[in-house]
Structures are given as C-alpha cells and as structure tokens.
Amino acid sequence: MANLRETQKRMTRRLLLESGLELFRAKGYAATTVDDIATAAGTTRVTFYAYFSSRSELMKALIDERLNEALQRVRSAEHGSTAQDLVATVADGTPEAITAWLRRTADNWPVIRPIIRIGRDAAVIDPELTDLVERWLEEAIGDIEDGLTAAGRFEPHQRRFRGVLAMAQLDFVAQNWDRADWKLTRDQMLDELGASWVRLLT
C-alpha cells in the first residue's frame with residue numbers, strides 16, 4: 001500500500017511538472033496561474049501546494065530536474081550539478097569527441113530549449129528566478145573548466161573564460177538554430193560549432 005501511495009505521488013508530481021511546462025510554453029509564464037496548472041493536471045490548487053510552494057518552485061524543479069535529466073547532469077558538490085561526459089569530452093579534446101558530444105546535446109535541444117526560454121522569461125518577472133538559468137550555465141562552464149584542468153591545457157586564468165565563450169556559442173545556437181537563416185544544414189552547423197569549440201578548448 002505504501003509503495004502504491006509513493007507511485008501515485010510521483011505520478012502526480014510529474015503530471016504537475018508536465019502541465020506547468022506545457023502551459024508556460026503555450027500561454028507564457030506570466031499568464032499561467034497555479035489554478036491553471038492544477039486544472040490541467042486534473043487536480044486542485046491544494047494538491048499543487050502539497051508538491052510546490054509556488055509557481056516559481058515548479059519552474060526551479062523544471063530546471064533542476066528536467067533540464068539536468070535531459071543533459072545527464074548529476075548532483076555535484078563543486079558546481080551544483082555536473083555532466084561527467086562533458087568534463088571527459090573536454091579533457092579528451094579530440095575533434096571527434098567534441099563534435100560527438102555536441103551532436104548528442106543537439107539531439108536534446110527540443111527538450112532543453114523550451115525550458116531555458118521559459119526560465120529566462122520567468123526571471124524577468126519573478127525575482128526568485130533571476131539567476132536560475134545563468135546559474136545552470138555557470139555549472140556547465142565549470143565542467144568545461146574542470147575538463148581543461150584535467151588535461152592541463154591553458155593557464156588557470158584562461159580556462160574559465162574559454163568555458164564562458166564555448167557555452168555562450170552553444171547556448172546561442174541552441175536557442176536560435178531553428179529560427180535563424182544561417183544558410184547551413186544542421187550537420188554543417190554542428191561541424192562549424194565543433195570546429196569553433198576545438199579551437200577554443202584545445
């Protein structure tokens with residue numbers, strides 16, 4: 001009986017997250033209320049508050065759980081979360097490893113992009129979320145820095161900034177690749193991005 005209850009709780013929480021994400025995408029963060037999310041999930045406002053203290057807490061969970069899950073990031077004492085495969089890829093430093101990691105990441109863009117866009121929109125109106133997406137990007141920059149440190153490439157003062165440049169490129173391309181007219185196929189774009197990362201990180 002206890003197991004059934006736990007399974008139902010997990011399902012309800014997941015349904016609230018999914019409903020929140022869909023409504024934030026369709027209506028925007030500002031126009032979506034707790035009641036909207038509860039109704040879309042087939043539950044009540046009281047049930048919503050049993051899982052999340054506010055709409056911003058649900059948004060934080062989308063970043064901390066859904067985004068990290070999509071990118072295979074795990075909890076880390078150093079950075080908050082870490083993608084061990086990114087650290088290993090940067091430490092490896094071969095063009096093949098870097099391009100392969102970027103391609104795997106690009107496969108997840110349909111999941112990643114809406115959460116980051118909604119997070120940025122939410123941060124404009126919700127002070128609790130101001131640094132949420134930027135903190136997540138800082139964690140990824142820390143992974144690149146760790147990979148460069150493990151490989152002994154560049155001076156310590158260069159490693160973080162090179163991570164900043166690499167993640168800025170990736171973030172911009174990920175957020176705009178389907179709406180920008182760059183005259184490149186997806187494969188060509190990823191090859192160019194990979195070449196840029198190789199120049200920056202090796």
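## Exercises on rings and helices

Tyr-49 is partly exposed, at a relative accessible area of 37%. This value comes from a predicted model.

**Exercise 1.** Classify Phe-48 as buried or exposed.

Solution. Start with the relative accessible area of Phe-48, which is 0%. Buried means under 20%. Phe-48 is therefore buried.

**Exercise 2.** Find how many aromatic pairs the structure holds, then classify the pair formed by Phe-48 and Tyr-49.

Solution. 
- Step 1. The structure holds 6 aromatic pairs.
- Step 2. For Phe-48 and Tyr-49, the ring centres are 5.5 Å apart, and the planes make 90 degrees.
- Step 3. Planes over 60 degrees apart count as edge-to-face, so the pair of Phe-48 and Tyr-49 is edge-to-face.

**Exercise 3.** Work out which parts of the chain the pair of Trp-109 and Trp-177 ties together.

Solution. 
- Step 1. Trp-109 and Trp-177 form a tilted pair, 5.8 Å centre to centre, with 45 degrees between the planes.
- Step 2. Locate both residues. Trp-109 lies in helix H7 (residues 109-125). Trp-177 lies in the loop between helix H9 (156-176) and helix H10 (186-201).
- Step 3. The pair therefore ties together parts that are 68 residues apart in sequence.
- Step 4. Check accessibility. Trp-109 is buried at 2%, whereas Trp-177 is partly exposed at 24%.
- Step 5. Look for a charge at Trp-177. The charged end of Arg-186 sits over the ring of Trp-177, 5.8 Å from its centre.

**Exercise 4.** State which residues Asp-171 touches, leaving out those up to four places away in sequence.

Solution. Asp-171 is in helix H9. Its relative accessibility is 14%, so Asp-171 counts as buried. Asp-171 touches Ile-116, Arg-120 and Leu-137, with residues up to four places away left out.

**Exercise 5.** Describe how helices H4 and H7 pack.

Solution. 
- Step 1. Two packed helices are described by the angle between their axes and the distance between the axes.
- Step 2. For H4 (residues 55-70) and H7, the angle is about 150 degrees, and the axes are 10 Å apart.
- Step 3. Angles over 145 degrees count as roughly antiparallel, so H4 and H7 are roughly antiparallel to each other.
- Step 4. The crossing of H4 and H7 is left-handed.
- Step 5. Name the contact residues. H4 contributes, among them, Arg-55, Met-59 and Leu-62. H7 contributes residues including Val-111, Ile-112 and Gly-119.

Methods
Residues numbered from 1 in each chain as written. Predicted model: local features only at pLDDT ≥ 70, side-chain atom pairs only at ≥ 80, totals over all residues. Heavy atoms only, no water. Phe/Tyr/Trp six-rings, centres within 6.5 Å; stacked < 30°, edge-to-face > 60°. Buried < 20%, exposed > 50% of the residue type's maximum accessible area, 1.4 Å probe, protein only. Helix = DSSP H or I, 4+ residues; strand = E, 2+ residues; numbered from the N terminus. Lys NZ or Arg CZ within 6 Å of the ring centre and 35° of its normal. Contact = heavy atoms within 4.5 Å. Axes fitted to C-alpha atoms, helices over the stretch in contact; angles between N-to-C directions. Parallel < 35°, antiparallel > 145°, perpendicular 65-115°, else oblique. Left-handed = near helix turned anticlockwise from the far one by under 90°.
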